[in-house]
Amino acid sequence: MRHVMMGLLAVTTLATAGSAQRANRAGPGLVRVRFVTSEGPIVLALDARRAPKTTENFLEYVDDGRFDGTDFYRASRQKSAPKLGFVQGGIRTDARRILPPFPLETTAKTGIKHLDGTISMARGMTPASAGGNFFITVGPAPAMDARPGYPGYAAFGHVIAGMDVIKRILAKPTGGGMDAFKDQMILKRVALVSARRLDGVAKPTRLPRAWLIKTGPDRRK
């Protein structure tokens, strides 16, 4: 029995080490980004080869620090399977942080499907309205893929470390919200403390960072 337990421990250790090694290197055409959140770290691999415009947009938000100090604010759970769904985060409607829109790269164009752990751009009714908000799936979400007459959402990468963090966020108590967001707003804040690229050189946009400008009584602090 002791030998069996030791064998299982060795397999577990090797599996954990393998996951860490995968998170510590990027594959061809992939750019890793690390989120630090109040629930723990998340590492993403963005597919710059198949979704170049979407990845470029996301990295501009990262390199400018536009995600720093935002949050994960939405947890959408499937009614029939509450451990599945997606979490959403980003700048919400903060006009001080938003960058110009960019064309929608559909899943039909990129071939990147909404599978478990996929990161994709949130958007409004207009296909090219994605910007500073994103969502990460827990479980496959084929309804978000493009199909005839429906453009879907722009998937552009996947989680390579931290799915346990994503699942914890999905399980957070929710309420409030309206329309599609009804009862899906996370009640206790989950902070997105910082977002940093782990590969390549940061390329800030040099556009104004208006959200950093302090106004009112504390402007001299």
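Biologist: Which side chains meet in a salt bridge with an N to O distance of 2.8 Å, D63 and which other?

Modeller: D63 meets R197, at 2.8 Å from N to O. A salt bridge needs a side-chain nitrogen of Lys or Arg within 4 Å of a carboxyl oxygen of Asp or Glu, so the D63 and R197 pair gets the name. Before we go on: this is a predicted model, where local features need pLDDT of at least 70, side-chain atom pairs count only at pLDDT 80 or more, and totals for chains, interfaces and linings use all residues. Residues are numbered from 1 along each chain as its sequence is written, and side-chain values use heavy atoms, with hydrogens and water left out.

Biologist: What makes the D63 and R197 pair a link between distant parts of the chain?

Modeller: D63 sits in helix α2 (residues 52-64) and R197 in strand β9, 134 residues apart. Helices (H or I, at least four residues) and strands (E, at least two) are DSSP runs, numbered from the N terminus. D63 and R197 are both buried.

Biologist: How many salt bridges does a search of the whole structure find?

Modeller: The search turns up twelve. Another of these pairs is R32 with D199, whose closest N and O atoms are 2.8 Å apart. R32 lies in strand β1 (residues 30-37) and D199 in the segment after β9 (185-197), so this pair ties together parts that are 167 residues apart in sequence.

Biologist: Why is R32 called buried?

Modeller: R32 has a relative accessible area of 8%. Buried means under 20%, exposed over 50%, and partly exposed in between (1.4 Å probe, protein chains only), so R32 is buried. D199, at 17%, is buried too.

Biologist: What about R96 and D94, where the closest N and O atoms are how far apart?

Modeller: They are 3.0 Å apart, and the pair forms a salt bridge. R96 has 42% relative accessibility, so R96 counts as partly exposed, whereas D94, at 16%, is buried.

Biologist: Which residues are linked in a network of salt bridges?

Modeller: That would be E39, D164, R168 and K172.

Biologist: Back to α2: how do you know that its length is close to what is expected?

Modeller: The expected span is 1.5 Å times one less than the number of residues. α2 has 13 residues and reaches 18 Å from first C-alpha to last, close to the expected 18 Å. Its buried residues include F58, L59, Y61 and V62. The buried residues of α2 pack against several strands, among them β1, β2 (40-47) and β9, with contact meaning heavy atoms within 4.5 Å. Just after α2, G65 takes a positive phi of about 75 degrees.

Biologist: What makes something a pocket rather than a cavity?

Modeller: On a 1 Å grid over the protein atoms alone, a cavity is a set of points where a 1.4 Å probe fits but cannot get out, while a pocket is an open set with protein on both sides within 12 Å along at least five of seven lines. Lining residues have an atom within 4 Å of a point. The largest pocket holds about 760 Å³, and Q88, A122, R123, G124 and F181 are the closest to its centre of the 32 lining residues.

Biologist: Which element gives the most to the lining of the largest pocket?

Modeller: β3 does, with three residues.

Conventions: Grid points are joined across faces, edges and corners, and a volume is the space filled by probe spheres set on the points.
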